[in-house]
Every structure is written in structure tokens, then in C-alpha cells.
Amino acid sequence: MAGSDTAETGSTTEAARPAVKCLVWDLDNTLWQGTLLENDELELRPGVLKTLRALDERGILQSVASRNEYADAWPRLEALGVAEYFVLPHIGWGRKSDAVRTVAEQLNFAQNTIAFIDDQHTERAEVAYHLPDVRCYDAAEAAGLPDLADFTPAVTPDARRRRAMYQEKFRREAAQSEFNGPDEDFLRSLDMRMRIARADAGDLARVEELTLRTSQMNATGVHYSDADLRALLTDPDHEVLVTTVEDRFGSHGAVGVALLERQPASWRLKLLATSCRVVNFGIGTHVLRWIADQATRAGVHLEADFRRTERNRIMEVAYRFAGFDSRPCVCQDGRGPATDAPADIQRLHLVPQRQAAPTTLTATGPVLWSGDDAEEPWA
């Protein structure tokens, strides 16, 4: 079974499945020609280097699941000049499905965004049996993977840095594991800087990607297309806000999007989504609190669209913890149901209060309540 029409997969259909976010490679007779333990002269399979580069440039992460000794296999990858392309390699003697599952868990990716490539049908079948949402490809398809729809996501500047950002993330996590002290002290040691800014046309590809890729930290799961976002950019009643984060290890890139509609007595938060990469830093909560602070200064109430999904429980907790509830308010009097939201969207409400700035990072953002383009520190 091969190609984008017949990739070995279980319950995820071709039409419904998302783009691949990580490809896990076997090594022997897949990435390279030959078998390491048989002391073959190893060379990359034809077209493999081109595939590695193409997927990396598109922001698709790549890992390894191989039955070999790590001490022997990793130096070969380095000698072939391709070790840098791989994150979280699993080289050992366990089941391939266990390795692929662990990669997905460590990256915090849903299994239907993972693909696996191996020359052995039995290995692909083993992975497909235990992980039916993972797409499996024959090694003979390696050179053609960049041509498949599954491997052609929208490419943004952040996507081109995705591998670097994850490698910075792993160094950050290693530093945390060695840090001796409270979590808040570690977060302060990162020297994090969060900036919330009005999006421009150059940000739209990444903003659209965030509405598609994020799941745990997406309040509605509603996708906004490029055309939708361009229309909102020019609508004076809407704000399209993008959040970026940097720290001493590097840039996290654009990690959050908020779509805000101004109404006479309240602001409506139509979408809040942040990358799972920054969930441990509480960025989603910080953005939500910043918006509440801005609404307070504007003298309006705050409403938020929310739709419960299988994976966004953490976002629901963030809204509830911030004080949002479902009770009606006079600010909604005389207003019918929204016509631009799915029928199952729940409307939450908050009477906001001034919010103290975080102690674990510095933050700046536009002055939404003033109507100008000024930015100021959150203090």
C-alpha cells in the first residue's frame, strides 16, 4: 500500500485527516541503503536527502524509530550529514509502535498528525495495528513524500524554524530538570518577553495555521481562512491579535492568536488559540488576563465563544478559572444569537477587573481601549 491515496492508516480518512506534523524514519534500507549490523557500506537512499530538506523547510519535524544500537547508528547519521534533521530519535530494540507513540507523546502531537516510513511491511503493519491513526509509508516512497498532500502544509517563517524551536525547547526542558528551586523562579530565569500585537497581512499565514494546528489550547476549534482573516483586518469593529514570545534560549515565534469583536456594551472574544509548545508557561492564561485588563480599562464587559472538544479541556479550565460563566447579563439584552458562529458555540461572560501583570515574564501590547496604535508595557 503506497502513496497519498493508499497510505496505510486506520480510522483517519484521507479527506478528514490533518497535514503530517512529524515523520518518523526507520534507518536500515529506509533512510539509508544497507544494514548497519551487517557492516554494509551505508549510503542515503536516492532522494532521501531532498526529502529531509523539503520537509524540514516546511516545518515538518522528523524523528527516528530504528532497531539498532544508538552508539553505532547516531555516529553514522552524523557521518552522512543528516543527524541535525532529527529530534527525539528512538534507536534501540523495542517495538516500533512504542517508539512512534513516545515520539507523539513527547512532542504533544495527536497520532493522526504522525507518519511512519519503513521498508518492512511487517513493521508498518505492527505500527498500524497499535496506532491506527498513524500514516505508514513504504521506504520506496521516500523520494516522493514531498509531493503528497499530506506533506504540504502552509509554510510560514515560523514553520521554517520549527525544528530549531523544538531543539531550543528541549534545551529549555533540560535546564529546567537541572534547576533547583520553585517553578516560578525557573520561569523568571528564562527572561521571557511576551508581545501582543495587531496582526498585519504578513502574519496571516501563521495566524491561519494556529487556528488549524492548535487543539488543546483552542477555545472553539473554528478555522478562519486567509480570506476570513483579511476581512477582519480591515473591519474597524475587529481586532486580530498575534502573540509572540522570546526567552534566553531563543524565539518561540508566533504562539497565539486572538480574534476580538467590539460591541457597544461588551467585547466578544471570538477565538483564543495558543500553541501547545508554550502551555507550560501559561501564555494562554496571560493573554486572556491581558484582554480582560484591556476590557476593564475600556469600561466594557467581556464575552467569549467556547466550544468543548475532545482535547481542549485545559482551555475550558482557563476560562472558568478567569471567572467566565454562562449566566446572562444586561449587556446582552436586545441582541440575537451570533450568525457568524456554529450553532454549538457556547457564549461565556465576564465582568472584568484590572489584572496585575505576570511576575514570570514581561509583556507589552497595544492600547485597545484608546483606539490608537500605541503599545505599552503591561504593568
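A nonpolar core is a set of buried Ala, Val, Leu, Ile, Met, Phe, Trp, Tyr and Cys residues joined through side-chain atoms within 4.5 Å. Buried means under 20% relative accessible area, exposed means over 50%, and partly exposed lies in between (1.4 Å probe, protein chains only). The model is predicted: local features need pLDDT of at least 70, side-chain atom pairs count only at pLDDT 80 or more, and totals for chains, interfaces and linings use all residues. Residues are numbered from 1 along each chain as its sequence is written, and side-chain values use heavy atoms, with hydrogens and water left out.

**View 1. The largest nonpolar core holds 39 residues.** L269, I283, L302 and Y319 touch the most other members. Helix 11 (residues 283–298) gives the largest share of this core, 7 residues. Helices (H or I, at least four residues) and strands (E, at least two) are DSSP runs, numbered from the N terminus. A second, separate core has 29 residues, including L23, W74, L77 and V82.

**View 2. I283 and the residues around it.** Leaving aside residues up to four places away in sequence, I283 touches M194, T243, V245, V255, V278 and L361. Contact here means heavy atoms within 4.5 Å.

**View 3. D26 sits in the loop between strand 1 (22–25) and strand 2 (32–33).** D26 counts as buried, at 5% relative accessibility. Its side chain makes a polar contact with the side chain of T30 (2.8 Å). A polar contact is a pair of N or O atoms within 3.5 Å; within protein, one must be able to donate a hydrogen and the other to accept it, and residues adjacent in sequence count only if both atoms are side-chain atoms. Residues up to four places away in sequence aside, D26 touches L31, A65, S66, K96, I117, D118 and D119.

**View 4. N29 and D191 have positive phi values.** Most residues other than glycine have a negative phi. Phi of N29 is near 60°. N29 is found in the loop between strand 1 and strand 2 and is partly exposed, with a relative accessible area of 30%. For D191, phi is about 55°. D191 lies in the loop between helix 8 (183–189) and strand 8 (192–198). D191 is partly exposed, at 44% relative accessible area.

**View 5. E141 is a buried loop residue.** The loop runs between strand 7 (135–138) and helix 6 (157–160). E141 has a relative accessible area of 12%. The C-alpha atoms of E141 and S66 are separated by 18 Å. Along the chain, E141 and S66 are 75 residues apart.
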